[in-house]
Amino acid sequence: MTTSLRPMSLGELLDRSFFLYRKNFALFVGIIALPHLVLLAFQLIGVAVRQGATAFSATILVWSLASIVLYLGVVAASQGATVMAVSRVHLGNNTSVSESFAGIKGRILYLALIMIGVGIGVGVGFILLIVPGIILALMWALTIPVAVLEDKGLRESTSRSAELTKGSRGRIFMIYFLFFVLMYIVYILWEIPIFAAIGIFARGQRPMTALPVWTQIAFPVGSFLTECLVGPLLTIALSLVYYDQRVRKEAFDLQLMMSTLDGAQGGTTAPATV
């Protein structure tokens with residue numbers, strides 16, 4: 001039996017995103033946490049490395065570059081696996097953290113390179129006058145879902161995303177806006193006590209030339225917890241926008257949705273045309 005998916009309003013998209021997140025909390029947090037634990041360990045080792053190096057040493061430079069490369073890999077893995085998980089649970093199917101990562105096996109570097117390309121394009125747009133950067137970010141918002149579910153390269157993914165997002169960039173902007181507000185609120189909740197502790201620690205002492213070591217540990221730990229708790233929401237919402245846009249523009253139905261997903265997880269993605 002073929003079940004058609006109907007288009008959703010912004011409110012319905014947000015409600016569905018939070019519903020899937022709450023219902024599958026352990027799944028989505030686990031997907032984000034697993035690769036980010038590697039990044040957190042690397043950052044904590046970096047604290048020790050910085051203690052024994054000068055501010056502008058080659059060691060610090062190499063470590064910083066390695067952190068950027070690792071970060072891109074971590075984000076690519078977590079976002080790609082989250083897209084796979086959303087695609088399953090949106091249909092009411094069960095999945096696991098391991099199955100979600102299995103769906104992008106061998107494609108993490110490929111996704112990281114796509115993210116670099118998109119990041120450079122959006123970054124250049126922001127440098128030019130900010131507004132072009134915002135426009136490009138909205139146009140390319142669905143690049144990762146397209147790359148994961150349709151197995152397309154950078155140029156095809158960005159072009160496909162630009163086509164799919166036409167007519168819905170306003171609500172994509174609102175999704176981004178609400179996500180960053182939520183992310184900022186959660187950051188503030190753990191930053192305030194840290195800065196308060198720094199102020200108490202520094203009272204009556206000479207001006208500090210560097211943050212205490214414990215704060216250099218607390219900040220990445222806080223960032224890790226924030227990313228695990230809030231990070232899945234944006235990817236969940238954008239994944240739902242991807243499917244919603246296909247319903248609106250291509251009369252996408254459940255049967256084709258399942259075929260595309262099964263092909264992606266099996267390693268040979270089915271064509272994404274209707």
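# Note on an all-helical predicted model

1. **Overall.** Buried residues (under 20% relative accessible area; exposed is over 50%, partly exposed in between; 1.4 Å probe, protein chains only) make up 44% of the 274 residues in the chain. This is a predicted model, in which local features need pLDDT of at least 70, side-chain atom pairs count only at pLDDT 80 or more, and totals for chains, interfaces and linings use all residues. Residues are numbered from 1 along each chain as its sequence is written, and side-chain values use heavy atoms, with hydrogens and water left out.

2. **Confidence.** The mean pLDDT (the predictor's confidence in each residue, from 0 to 100) is 82 for the chain. A score of at least 70 is reached by 82% of the residues. Residues 267-274 fall below 50. That stretch still has 20 contacts (heavy atoms within 4.5 Å) in the model beyond near neighbours in sequence. Where pLDDT is low, the predicted coordinates should not be read in detail.

3. **Secondary structure.** The chain has 11 helices and 0 strands. Both are DSSP runs, numbered from the N terminus: helices are H or I with at least four residues, strands E with at least two. Of the contacts between residues at least 6 apart in sequence, 76% join residues at least 24 apart.

4. **Core.** The largest nonpolar core holds 57 residues. Such a core is a set of buried Ala, Val, Leu, Ile, Met, Phe, Trp, Tyr and Cys residues joined through side-chain atoms within 4.5 Å. At least two residues each come from H1 (10-23), H2 (25-51), H3 (58-89), H5, H6 (131-139), H7, H9 (169-202) and H10. H10 gives the most, with 12 residues. In soluble globular proteins, nonpolar side chains tend to be buried together.

5. **Phe-28.** Phe-28 and Val-148 have the most contacts inside the core. Leaving out residues up to four places away in sequence, Phe-28 touches Leu-20, Tyr-21, Thr-82, Ala-85, Val-86, Val-89, Pro-232 and Ile-236.

6. **H8 against H10.** Two packed helices are described by the angle between their axes and the distance between the axes. The axes of H8 (residues 154-164) and H10 (residues 213-250) come within 10 Å and cross at roughly 65 degrees. Here axes are lines fitted to C-alpha atoms, for helices over the stretch in contact, with angles from 0 to 180 degrees between N-to-C directions. H8 contributes Arg-160, Glu-163 and Leu-164 to the contact; H10 contributes Tyr-242, Gln-245, Arg-246, Lys-249 and Glu-250. These residues divide into 2 nonpolar, 1 polar and 5 charged. In that scheme Ala, Val, Leu, Ile, Met, Phe, Trp, Tyr, Cys and Pro are nonpolar, Asp, Glu, Lys and Arg charged, and the others, Gly among them, polar.

7. **Salt bridges.** There are 6 salt bridges, counting a side-chain nitrogen of Lys or Arg within 4 Å of a carboxyl oxygen of Asp or Glu. Lys-166 pairs with Glu-163, the closest N and O atoms being 3.3 Å apart. Lys-166 is partly exposed at 46% relative accessibility, and Glu-163 is partly exposed at 40%. Arg-248 pairs with Asp-244 at 2.7 Å between the closest N and O atoms. These two are 4 residues apart in H10, so about one helical turn separates them. Arg-248 is partly exposed at 42%, whereas Asp-244 is buried at 1%. Salt bridges that share partners also join Glu-150, Arg-160 and Arg-246 into one network.

8. **Arg-107 and Asp-151.** This salt bridge spans 3.7 Å, N to O. The pair links distant parts of the chain, 44 residues apart. Arg-107 lies in the loop between H4 (97-102) and H5 (108-129), and Asp-151 in the loop between H7 (143-150) and H8. Arg-107 is buried at 12% relative accessibility; Asp-151 is partly exposed at 38%.

9. **Backbone at Asp-151.** What is phi of Asp-151? The angle is near 55 degrees, a positive value in a residue other than glycine. Most residues other than glycine have a negative phi, and most peptide bonds are trans.

10. **Gly-121.** This glycine sits in H5. Gly-121 counts as buried, at 18% relative accessibility. Its contacts, apart from neighbours within four places in sequence, are Leu-136 and Trp-140.
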